[in-house]
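Please open the model in your viewer and keep the sequence panel beside it.

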Amino acid sequence: MALILGLESSCDDSAAALVTSDRRVVAQRVVGQNQAHAPFGGVVPEIAARAHVEVLPGLVTQVLDEAGIALDEVDAIAATAGPGLIGGVMVGLLTAKGLALASGKPLLAVNHLEGHALSPRLVDPDLHFPYLLLLASGGHCQLLEVRGVGDYRRLATTIDDAAGEAFDKSAKLLGLPYPGGPGIETLARDGDPRAVPLPRPLVGSGEPHFSFAGLKSAVQRAVAVGTHRPVDVAASFQQAVVDCLVDRTRLALRRSEAPALVVAGGVAANGAIRSALADLAAAEGRSFSVPPGWLCTDNAAMIAWAGAERLAAGLVDGLDAPARARWPLDPAADTVRGAGVKA
Ligand code: KG4
Ligand code: ZN
């Protein structure tokens with residue numbers, strides 16, 4: 001049994017966690033920065049990096065104290081090494097390097113997307129490779145075949161905005177705070193999902209890629225009309241996202257022999273999205289797995305767990321491990337052409 005200390009700092013959450021290789025979350029803390037970024041309506045990279053510098057070392061001390069564990073009792077130190085806002089990534093990775101150097105323990109430089117991708121296995125011991133993963137977060141919307149630790153094949157990605165980005169931008173149009181997903185989900189409960197006609201970009205197209213920029217623009221026009229109730233705009237928007245995710249994921253499932261469908265990333269915290277994808281998996285004869293909400297949004301337990309999986313596979317990193325702003329899970333995946341391509 002190995003005990004891994006994990007650190008996360010790639011966006012606007014500072015987090016530390018202690019996780020065992022037999023799936024026990026011994027201690028974990030997440031501190032968000034919403035208040036610091038609120039006046040700017042989005043995450044300001046420079047402010048985020050400074051906040052990680054102030055908060056992260058204290059979180060490490062807190063999780064060790066809470067667990068009653070000394071640093072030299074930890075077996076390895078894992079940190080997000082990318083992709084993400086480079087200043088924040090550097091803060092977390094350098095903190096981990098310092099701890100690894102001081103304790104003589106191995107460093108695990110974890111891809112944040114691999115943290116999301118493997119997170120369902122932390123809570124579901126019956127989830128084996130391969131599985132088809134819908135990874136939907138603030139920065140990414142991808143369909144990946146997860147074949148093993150470090151072995152990913154990307155089937156699809158977004159040609160413009162990520163699903164979470166669409167939630168955040170639409171929420172802003174409705175006057176809701178960042179991040180917008182939880183606010184839209186709450187509003188949508190009291191609205192009519194058929195009240196506002198909105199497009200379903202790329203639904204029915206031959207490759208399972210995603211597009212959300214046009215949906216956001218349609219929300220912008222619907223809000224500008226001024227006659228729709230915000231609850232109806234929220235419900236109609238959320239339904240459009242559900243329809244896009246279900247249609248694109250169905251196509252990818254039909255191209256994959258993976259026996260399980262898995263959803264991860266911040267957008268997977270959404271109840272309507274979870275239940276629609278559970279129904280899709282059942283209709284396509286696949287099992288379904290989704291982590292609990294706290295494990296979907298950014299956290300350090302998933303980084304520690306990905307570290308545990310990498311340690312077990314012998315994938316340890318040197319102290320020269322680079323911080324990467326961009327770091328695709330499937331380096332062989334083709335660039336997808338669209339308006340404002342994202343990797
Ligand atoms: O995975 P995550 O915490 O950070 C990234 O790696 O991007 O994802 C954050 C994204 C945000 O866009 C946020 O609005 C979205 O996840 N999100 C949600 C919900 N909770 C968070 N989207 C829809 N419904 C939710 N309940
Ligand atoms: Zn994330």
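## The whole chain

Among contacts in the chain (heavy atoms within 4.5 Å) between residues at least 6 apart in sequence, 73% join residues that are at least 24 apart. This is a predicted model, in which local features need pLDDT of at least 70 and side-chain atom pairs count only at pLDDT 80 or more, while totals for chains, interfaces and linings use all residues. Residues are numbered from 1 along each chain as its sequence is written, chains are lettered from A and ligands numbered from 1 in the order in which they are written, and side-chain values use heavy atoms, with hydrogens and water left out.

Show the chain as a cartoon, and 11 helices and 10 strands can be traced; helices (H or I, at least four residues) and strands (E, at least two) are DSSP runs, numbered from the N terminus. The radius of gyration, taken over C-alpha atoms, is 20 Å, close to the 20 Å that the globule rule gives for 343 residues, so the chain is as compact as a globular protein of that length. That rule is 2.2 Å times the number of residues to the power 0.38. Along its principal axes, the C-alpha trace spans about 60 × 45 × 35 Å.

Switch to a surface next: the accessible surface of the chain comes to about 13800 Å², and 54% of this belongs to carbon and sulfur atoms, with areas from the Shrake-Rupley method and a 1.4 Å probe, where for residues only the protein chains shown count as cover. Of the 343 residues, 53% are buried; buried means under 20% relative accessible area, exposed over 50%, and partly exposed in between (1.4 Å probe, protein chains only).

## The zinc ion

Select ligand 2, a zinc ion, together with its donors, which are N, O and S atoms within 2.8 Å of the metal (3.2 Å for Na, K and Ca). Which residues coordinate the zinc ion? They are His112 and His116, each through NE2, and Asp298 through OD, at 2.0 to 2.1 Å. Water is not among the atoms, so sites may look incomplete. In sequence these donor residues follow the spacing H-x3-H-x181-D. His112 lies in helix α4 (residues 112-123) and Asp298 in the loop between α10 (293-296) and α11 (301-312), so this pair ties together parts that are 186 residues apart in sequence. Both ends of that pair are covered, as His112 is buried at 7% relative accessibility and Asp298 is buried at 17%.

## A covered helix

Move to helix α5 (residues 163-173), which is mostly covered, since 8 of its 11 residues are buried. Among the buried residues of α5 are Glu165, Phe167 and Asp168. Just after α5, select Gly175, which takes a positive phi of about 80°.

## The loop between α6 and α7

Leaving out residues up to four places away in sequence, His209 touches Leu155, Ala156, Thr157, Ile159, Leu202, Arg248 and Val336. Select Leu202 from that list, and find it in the loop between α6 (181-188) and α7 (213-225). Leu202 has a positive phi of about 70° although it is not a glycine, and at 29% relative accessibility Leu202 counts as partly exposed.

## Further backbone stops

Arg23 is not a glycine, yet it has a positive phi of about 75°, and at 27% relative accessibility Arg23 is partly exposed.

Two cis peptide bonds can be visited next. One joins Gly82 and Pro83, with omega about -15°, and Pro83 sits in the loop between β4 (76-82) and α3 (86-103). The other runs from Phe129 to Pro130, with omega near -5°, and Pro130 is in the loop between α4 and β6 (131-136).

Finish at Ala278 in helix α9 (residues 271-283), which is partly exposed at 26% relative accessibility. Draw a distance from Ala278 to Pro259: the two are 19 residues apart in sequence and 13 Å apart in space, C-alpha to C-alpha.
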